[in-house]
Amino acid sequence: MDPNTACIKATAYGGRGVFATKSIPKDTLILTATPYASVVYHVYRKEVCAECLAYAFDSNRNTWNVKHEPAGVWFCSTVCCDAWIVQHGKLAETLHKSMERLAKMGKASIVGTVLAVTKESINEAWRRPLKLSTSLSELELDTARFVVSGIIRRHQYPDSWTDLLQLQDNELAYLTAHPEALASSLRIGAFVCEAVKAVKFDFDVLDMVRQMLARDQGNVFGLYEMEGDTEMFGFAMYTWGSYFNHDCTPNIRKERQGRCMAFYTARDIHSGEELCISYIDIKDTVAQRQEELMKEWYFRCICRKCNDERGSIDN
């Protein structure tokens with residue numbers, strides 16, 4: 001992000017956001033973000049290129065036919081396959097094989113639940129020894145793959161971890177609303193630690209799992225097909241992209257470009273104006289928008305559109 005165009009700073013309503021540092025014309029590129037971590041859902045692995053995320057159906061094909069056998073991933077071309085190998089190398093192959101072996105063994109469940117969700121009870125749950133016992137769900141396995149992609153990223157680019165930690169930690173808010181999710185998070189933690197134990201990392205893997213899952217909720221972007229934008233085949237965490245707050249009349253539009261997410265101005269922007277995207281379908285009613293934002297992102301929207309529509313209903 002070019003500081004001569006936009007910067008991250010505190011908002012008047014809490015937290016941080018992205019603000020224009022000068023007047024910006026419509027259709028200006030503000031940020032091109034690469035994913036810190038990402039996953040293509042396992043059921044889509046043959047249909048989505050592991051490198052550029054091209055969806056086979058967009059090219060009138062059922063699947064891609066270039067496979068990297070050691071890592072069990074598919075590509076739209078040998079060019080993408082070669083680029084992926086250069087970027088991820090032997091480490092990705094090793095960890096993929098370990099995860100697939102462990103998944104087939106059917107061992108990674110946590111026995112016991114937390115009755116009262118508090119910060120201390122969550123801390124205590126993560127301090128307990130994690131025992132492997134039963135299988136993960138498909139979504140838990142995909143989430144484990146997402147976390148492992150982040151582990152690879154941190155290993156390759158250690159300095160990038162500090163930036164990710166600056167994202168909002170939603171662990172307590174999410175687990176308060178979904179207490180059953182704690183056992184799921186612990187299962188993922190146990191599975192990942194077992195899967196990567198053959199590789200020596202210079203950081204605490206279990207703590208990294210927890211920190212990533214705490215920021216997963218509310219900070220990841222869905223990965224959709226390019227044509228129609230209706231089929232979600234995975235998700236990714238774009239660290240700098242997560243600083244764009246929500247508005248029901250967004251002045252920033254996002255556009256996936258291969259693995260990257262690009263953010264453009266949707267109209268002319270004034271200097272000092274906050275730059276916002278939309279997290280939801282802004283065509284929904286104000287009640288529907290408020291409900292979804294509170295459920296998925298833990299805040300009540302106070303944008304002008306919501307205030308105007310609430311005022312119309314009250315009157």
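Phe244 is in contact (heavy atoms within 4.5 Å) with Met1, Val18, Ile30, Leu31, Ile252, Phe263, Leu275, Ile277 and Tyr279, leaving aside residues up to four places away in sequence. This is a predicted model, in which local features need pLDDT of at least 70 and side-chain atom pairs count only at pLDDT 80 or more, while totals for chains, interfaces and linings use all residues. Residues are numbered from 1 along each chain as its sequence is written, and side-chain values use heavy atoms, with hydrogens and water left out.

Phe244 is also among the residues with the most contacts inside the largest nonpolar core, which has 77 residues. Such a core is a set of buried Ala, Val, Leu, Ile, Met, Phe, Trp, Tyr and Cys residues joined through side-chain atoms within 4.5 Å, where buried means under 20% relative accessible area with a 1.4 Å probe, protein chains only.

Ser242 lies in the loop between β8 (232-237) and β9 (245-246), strands being DSSP runs of E with at least two residues, numbered from the N terminus. Because its relative accessibility is 13%, Ser242 counts as buried.

An open sheet is formed by three strands in the order β3-β11-β10, with antiparallel pairing; two strands pair if DSSP finds at least two bridges between them. The edge strands each have a single partner, so one side of each is left without a neighbour in the sheet.

| Strand | Residues | Place |

β10 and β11 (residues 260-265) pair over six bridges, and Lys254 stands opposite Phe263 in β11.

Key: Buried means under 20% relative accessible area, exposed over 50%, partly exposed in between (1.4 Å probe, protein chains only). Helices (H or I, at least four residues) and strands (E, at least two) are DSSP runs, numbered from the N terminus.
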